[in-house]
Each structure stands twice: as C-alpha cells, then as structure tokens.
Amino acid sequence: MPRPLTRRTVLGSAAGAGLALAIPPSSAAEPTVVRPPAAKAVSDWPLSDHRDEAALLAVLRSGKWGRTAGGASRVKDFEIAFASRMKARHCVATSSGTTALLTALGALNIGPGDEVIMPPYTFVATFNAITANFALPVFADTDAASFQIDPAKLAAAITPATKLLLPVHIAGSPADLDALSALATSRKITLLEDACQAPLAEWRGQPVGTVGLGGCFSFQASKNLTSGEGGAILTNDETFAHLCYDFHTPGGVKKSASSGRGANYRLTEFQAAVLLAQMTRLEAQATTRDANAAYLSELLRKIPGITPAALAPGVTRSAWHLYMFCYESAKFAGLPRAKFLAALTKAGVAASSGYTSLNTSAHVKALAANPHYQRLYGPAAMARWVDRNQCPVNDRLVEEAVWFGQAKLLGRRADMERMASAIADIQKRAGELARS
Ligand SMILES: Cc1ncc(COP(=O)(O)O)c(C=O)c1O
C-alpha cells in the first residue's frame, strides 16, 4: 500500500537524517508547575497531598464507606462535580472504566448476536467489555495520522447486526466525533464513547462523553484523574442514566424498566473522596499538559522521522493521557525502535512502544475457539470473523509508535527541551547505535 505523503516524508527527504535540532533556550512563559515540592509521590504519578489524606481520613472516621441509597454521599458529590465539569446532565460513578463500559453495555442490553464496532488501537478492556456480553467485537482500522479509529473503515464494517459504535478517544484525544455521530445518526446505531483516557478532552468546545449517547471514563492508577481504580458514565439522556444507575447497583428502588440483568459495580466512598481531592488539581494539571504538549510537538516536528500524532480537526482540547508519535527508523540510519527506546531510557527519558496488535493477539484469536462463541455464532461465522479482523494500517502503526506517559507533560518547558534534545542526539548517533 503506498504511504501517504505526510509532513514526516516531506521533511525527511528534504532534511536528511543528521539534522541537528536547534532548540532555543526556554523563553515563553512557564506553564504552571503542578507538582508541589511537598507532594507525596514515590513515583511521578499519582500525586497527592494533605487534601487527599484528609479526605480519606474523613471517610474512614465517618463509618460510611460505601454508597447508600439516599442521603449524603461522597460518591454522589463526585457525580455532581464530574458531570458539572464535563457539562453533562447525568453521571453514574462505577468501580472502574471496565465496569463503566459493562454498565453501559448492560443498560443497552447488548448481548449474543450483536456486533459492536471498536478500534484495534486501544486497551484490551474495550474488547473485554464486549465479549463479557457475548457480543461480537468488530475492528475498524486506524487512521495512521491521528492513531484514532478511521470513520470510513467504521462505516464499511457496519452490518445489519451492528448494535453499537464504540470508538475510543485514544491517548485522551477525541476521535473524529463529527464523522462518527453523523454515521450513528444516519445508520440509526447508538454511539457510545470509550472516553476512559479522556477526562477534560473537548470536541468543538464540548467535553467528550456526551457527543454520543454517553461516555465511559476510567480513574485507574495511571489515569489523569485517579483513585487507583474507579470509573464513571456521563450522559445527557435521563432514561439511559436511569438504566445505568439501576444496572450498576442491585436492589433498591428501580428507576427504569428491568431487563433482568444487573451487577454491583459501585464506586466506594474512599475512591470518591480521593477523586474529589484530585479534582482540585485537575484543571491546573491539564493546562500544564496542554502547554507542554504543544511545545513538545513544535520541537519534535523539527526532527526528521518523528511525527507527533495529529489531532482531528474538531479537537479543541486533548486530555494528553499519552503523548504519542511515530518513529521512522529509516530516518535514524535504520536504528530499530527497540534500540531507539533503549537509548532514550539511557538518556533518562523513559518511553514506551505502546500497544501491540490487539486484533491479531492470542487473546483475541482465542475468542474464535471459545466454546460459547462457537455455539452462539457457529464455526463458519467465527472463521469469517478472524478474516474480518485484518487492520493493516494498525499493524504498521504498532511497529512505529512511541509513547510518553502523561506525567512527563507535567514538567517544565526545559524538560520538553531535554526530551527533544535526547531524540535529536540519538539521531546524530543513530548509525553507531544501530551497529552496537
Ligand atoms: C481505552 C480504555 N478503555 C477501557 C479502560 C478500562 O478502564 P479500567 O482499567 O479502569 O477498567 C481503559 C483503562 O486502562 C482504557 O484505557
């Protein structure tokens, strides 16, 4: 398949592999430095201080550790605060991002025979939430420039069995929600956003999670807003909110018509207390990430062979849960990505190769042989399903991607310069490193 002409290929051919990166000394205003000197962090994430400690102690001493029906509750306070910050009418807090997805899919009564379209460039939990309902995950290939689901590939994957479109805002950057919601409307299929990595991200000024019917968020330990584990569903649809609430908690007065299914996926008061404390820092941290990500992109675009992931045109804010870029080894004297990453780590700039190929993984392939799927869909359909899982663009992307974690974007401008300089320096030494 011909490679599209990108800024990477244009710059690369014009500049050659040995271009030195001229980084001017930091001149623009420093973004707010969010990491307080007294932050109690044994690693660079998560961060906490006296606010988190006091909040946890207060729950401990209150004797009220779990959500109860009615009355005051930190879980409820968090739901109100998160919904308000994300400009959503309703929030249902859950015990994780996975259980937020399970709740949403349960509320939609997704089940055997239903197809759910998802991207291959995501965490395995997106897939697991579908298979936990014995529905069929269908992969729609990735857009190479943005790393997000390609709406044209998604449109081509729709069949009469498609019950749900489940795009992911990967890295915290919104997928193309104009194209996806237009498809959902024209094909009359529900759109649910896997926004697990994307709190505070915006599409045309609207926070993600409510462009579709709803959105699912994760507050797992690595996430920008965290309580170790935790999750939430946002929606503007009251009926869906009631279905989600009733699905995620057993017993009590039900607000929706039952489908006979349900679970206990509640968030605890401890988690909610930590989330409320973390929210006091969230905005300043997001502003710092915004400024640093923009600066880092400006620096990295000057290095041939390094192409930062593009933001879709409607993205007015990324959550920058991950900073992703493509590494083209040909512009680094053929230095393999693994050696590039090792050299970066040695230079004190730890980076990761990101996701491996989900659609061709042993976990996904095992589904084809799963006895329940064999019985529900039949051997021929499961064999066809394996054939349908081809995602050639994603296959190439997983070989070229490099990630920095979000905590790296909480540093100073000088830290961004150090990261870019480390890459430029590796490029200068690439021939020698490739031979070693
Ligand atoms: C895209 C995506 N979906 C779903 C999840 C699941 O969230 P959790 O780990 O909180 O269950 C995650 C979390 O890592 C994620 O990144």
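This note walks through the main features of the structure, point by point.

1. **Basis.** This is a predicted model, in which local features need pLDDT of at least 70, side-chain atom pairs count only at pLDDT 80 or more, and totals for chains, interfaces and linings use all residues. Residues are numbered from 1 along each chain as its sequence is written.

2. **Overall make-up.** The protein has 16 helices and 13 strands. These are DSSP runs numbered from the N terminus: helices are H or I with at least four residues, strands are E with at least two. Buried residues account for 44% of the 436 residues. Buried means that 20 or more other C-beta atoms lie within 10 Å of the residue's own; 12 or fewer means exposed, anything in between partly exposed, and C-beta atoms are placed from the backbone. Take the contacts between residues at least 6 apart in sequence: 72% join residues at least 24 apart. A contact needs C-beta atoms, placed from the backbone, within 7 Å.

3. **Core.** The largest nonpolar core has 118 residues. Such a core is a set of buried Ala, Val, Leu, Ile, Met, Phe, Trp, Tyr and Cys residues joined through C-beta atoms within 7 Å. Ala-104 and Cys-244 have the most contacts inside this core. Helix α9 (residues 269–300) gives the largest share, 8 residues. Domain 1 (20–27 + 40–280) and domain 2 (282–356 + 395–435) both contribute, so the core lies between them. The domain bounds come from an automatic or database domain assignment.

4. **Helix α4.** Look at α4 next: 11 of its 11 residues are buried. Ala-104 is one of them. Leaving aside neighbours within four places in sequence, Ala-104 contacts Leu-192, Gly-214, Cys-216, Ile-233 and Cys-244. The cover over the buried residues of α4 includes strands β1 (90–94), β5 (190–194), β8 (214–218) and β9 (231–235), plus helices α5 and α8 (238–248). Just after α4, Asn-109 takes a positive phi of about 55°.

5. **Ligand shell.** There are 14 residues around the ligand. To count as near, a residue's C-beta atom, placed from the backbone, must lie within 6 Å. Gly-97, Thr-98, Ala-125, Cys-196 and Ser-218 come nearest. The elements giving two or more residues to this shell are α4 (97–107) and α5 (124–131). By type, the shell has 4 nonpolar, 9 polar and 1 charged. Here Ala, Val, Leu, Ile, Met, Phe, Trp, Tyr, Cys and Pro count as nonpolar, Asp, Glu, Lys and Arg as charged, and the others, Gly among them, as polar.

6. **Strands β2 and β3.** Strand β2 (residues 115–118) runs parallel to β3, joined by 4 bridges. Ile-117 stands opposite Val-138 in β3. From β3 (residues 136–139), Leu-136 and Val-138 point one way, Pro-137 and Phe-139 the other, and all are buried.

7. **Pro-119.** Pro-119 sits in the loop between β2 and α5. It counts as buried because it has 27 C-beta neighbours inside 10 Å. Beyond residues up to four places away in sequence, Pro-119 touches Ala-140, Thr-142, Ile-149, Pro-167 and Val-168. Val-168 is 49 residues away along the chain, yet the two C-alpha atoms are separated by 6.9 Å.

8. **Open sheet.** Three strands form an open, antiparallel sheet in the order β7-β6-β11. Strands pair if DSSP finds at least two bridges between them. β7 (206–207) and β11 (315–317) stand at the edges with a single partner each, so one side of each lacks a neighbour in the sheet. Strand β6 (residues 202–203) is joined to β11 by 2 bridges, and Trp-203 stands opposite Val-315 in β11.

Technical notes:
Two residues are in contact if their C-beta atoms, placed from the backbone, lie within 7 Å.
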